[in-house]
Amino acid sequence: MLSFFWLRCLLKMVKENIVVPEEILNFCCNGLQGSTSPPRAQEPGEEVPGAMESPSPTRNPTEVQMSQLVLPCHTNHCGELSTGQLLKWIDTAACLSAERHAGCPCVTASMDDIYFERTISVGQVVNIKAKVNRAFNSSMEVGIQVSYEDLCSGKHSSICKAYATFVAQGPSGCKVKLKPLTPQTEEEKIEHSIAAERRRMRLVHKDTLKDLLTGSPQETAELETRDGSVAVPAENTRVESVELVLPPHANHQGNTFGGQIMAWMENVATIAASRLCHAHPTLQAIEMFHFRGPSQVGDRLVLKAIVNNSFKNSMEVGVCAEAHGQEMSVSRRHINSAFMTFVVLDEKGRPRTLPMVTPEPGDGERRYREASARKKIRLDRKYVVSCKQTEVPLSVPWDQSNKVYLSYNNVSALKTLIAKANWALAREKEKVQIYTLEEDKFLSFRIEMLVCITASQAFALLSDLRRRHEWDKHYASAELIQQVDDDDMIYHVVSQTLSHENKPQDFVILASRRKPCSKGDPYVVAFRSVTLPTHPASDSFTRGETLCSGFCIWPESEEMSKVAYYNQATPGYLNYVTTNVVGLSSNFCATFEACEKFLLKNKEDLIVRL
């Protein structure tokens, strides 16, 4: 009853504009929580009743969580969340995460491919989690996971996963050098390690498209649609729209919000896609894109979209954003370009067959061919890069167009194996340690030892498979059959080991080398099987395959390195592995001791190319 008495007194004092002393206010609040005694000092370490729990000590300090209830104002005509609105939320969460690490304003530099797995309906909740995976000099990669939650059924499901690159900016717009990020959990260590590979893949993306177009035919497709009617001229799908950038469209730095630009681009792209199919299309994927420059409040953003090409069940729409001020005489600034893939679903949720497109002469034909090339690249990336390791076949066909993604998959698979936390020491003999990792249907092993050699020297010697027979008795020969680039080579390896067919085994192996991206990173040499048309399986050999293996070399000091060999054993190799792990054979230890002697013998004569 005392607390209600004080509450009536408090309300009267507020009504009469009387300043309420802080002590009385605290006493009233405590009384409303059921306390009738005066407030007391909080003891050290004591939890405050009703206070929100603090984040877990192991939680990434850059992690940002956002939950948004989908309201009618966020949806399209079907009552589904607008993809443009989702992109705005994704960009906001990612930016806040980046700024947590940088401690200063950040701008969106690029966004990797986004594949939308399903739509979200009004009344459901969008949950977004964003955290910095790795910081480079002035840029950082932010990983974003998006899921939806049905409040009535309690069901949760994934929507998409994205990677965005942000750049930190100082007061005058200059770049800011970022502090390094130290990963804590196994998942964070994997993402931190593979972030360097994703960065490498972004930098060569344009070259990959250019190489693919160089070797592709120049002819466009026939001008008949799939149902026999006349093809739709691409000009009929063209859209142009202008937006005035107002203060609500700008972020806290005064620049146009990156998510807002993406939402406007998605809007005009959807209109262009609708003009081709005369239906309501669904956005399925967004191609990797880069922001070329900023725009500010007061700018006019001109957005243009056109259908570049249509395939059987999907179409690619190209969209660009340009900015200019009030004066039309000033040339427009290119802000962003993106390529979006749309599908049209029937009442059962199945993709409909789409009419074909007649490209415009000149640039239209170029965009038409580039759309076909981008579709192949998307399929390669989704098939090779996005698949789980257990879903990728042992030998993937290698060609010029997918070399970047096979190299990425090769190195990232090894780095993922390296970052696993539950390795167990199985055997130790003198300086050699053997560790095992039992996971799903794979048994992996790791052999490591300290060697008196610099990491760069060990890296140069172990990355050349042509010299492996000098220390590994299982290798009869290794022939370099293709020098892909400075970091990737393809070898034909012949083994001394006989198969169950009593024939020697041979392998076609992609070797991918990586020097440290930053201080503290190891040298990595990754191996995996690939298929080459020029080297099919032969009757003289039993074709063997390796899923994931390679070396990881850490510098311990100026003259000492830790050399570790990893292998994810395939079924045909399993008996040999388990025999060594349990101590019934010493082949592993003997081979690694021979490796040490090889390194020590050749380190003085080696000229390391830095």
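1. His278 comes in at 70% relative accessibility, so His278 counts as exposed. Bear in mind that this is a predicted model.

2. Staying with His278, you'll find this residue in the loop between helix 6 and strand 9 (282-286). Its backbone is worth a look too: phi of His278 is near 55°, a positive value in a residue that isn't glycine.

3. Glu430 sits in the loop that links strand 16 (424-429) with strand 17 (432-439). With 67% relative accessibility against a cut-off of over 50%, Glu430 counts as exposed.

4. On to confidence. The average pLDDT for the protein is 82, and 80% of the residues score at least 70. Residues 1-7 have pLDDT below 50, and in the model this stretch makes eight contacts beyond near neighbours in sequence. Residues 219-225 are below 50 as well, with 15 contacts in the model beyond near neighbours in sequence.

5. Now the inside. As a rule, nonpolar side chains in soluble globular proteins tend to be buried together. Here the largest nonpolar core has 72 residues, and Met140, Ile144 and Met315 have the most contacts inside it. Helix 6 (residues 258-277) supplies the largest share of this core, 10 residues.

6. What does Met315 contact, leaving aside its neighbours within four places in sequence? Its partners include Ala273, Leu276 and Cys277. Also on the list are Val307, Asn309 and Ser310, then Met340, Thr341, Phe342, Val344 and Leu354.

7. There is another core, apart from the largest one, with 35 residues. Ile434, Ile453, Leu462 and Trp471 are among its members.

8. How do helix 3 and helix 6 run relative to each other, roughly parallel or roughly antiparallel? The axes of helix 3 (residues 83-102) and helix 6 come within 8 Å and cross at roughly 165°. Angles over 145 degrees count as roughly antiparallel, so that is how helix 3 lies against helix 6. The crossing of the two is right-handed. On the helix 3 side, the residues that meet helix 6 are Thr83, Gly84, Leu87, Lys88 and Asp91. Facing them from helix 6 are Gly258, Gly259, Gln260, Met262, Ala263 and Glu266.

Notes:
Residues are numbered from 1 along each chain as its sequence is written. Side-chain values use heavy atoms; hydrogens and water are left out. pLDDT is the predictor's confidence in each residue, from 0 to 100. Contact means heavy atoms within 4.5 Å. A nonpolar core is a set of buried Ala, Val, Leu, Ile, Met, Phe, Trp, Tyr and Cys residues joined through side-chain atoms within 4.5 Å. Buried means under 20% relative accessible area, exposed over 50%, partly exposed in between (1.4 Å probe, protein chains only). Helices (H or I, at least four residues) and strands (E, at least two) are DSSP runs, numbered from the N terminus. Axes are lines fitted to C-alpha atoms, for helices over the stretch in contact, and angles run from 0 to 180 degrees between N-to-C directions. Angles under 35 degrees count as roughly parallel, over 145 as roughly antiparallel, 65 to 115 as roughly perpendicular and the rest as oblique. A crossing is left-handed if the near helix is turned anticlockwise from the far one by less than a right angle, and right-handed if clockwise.
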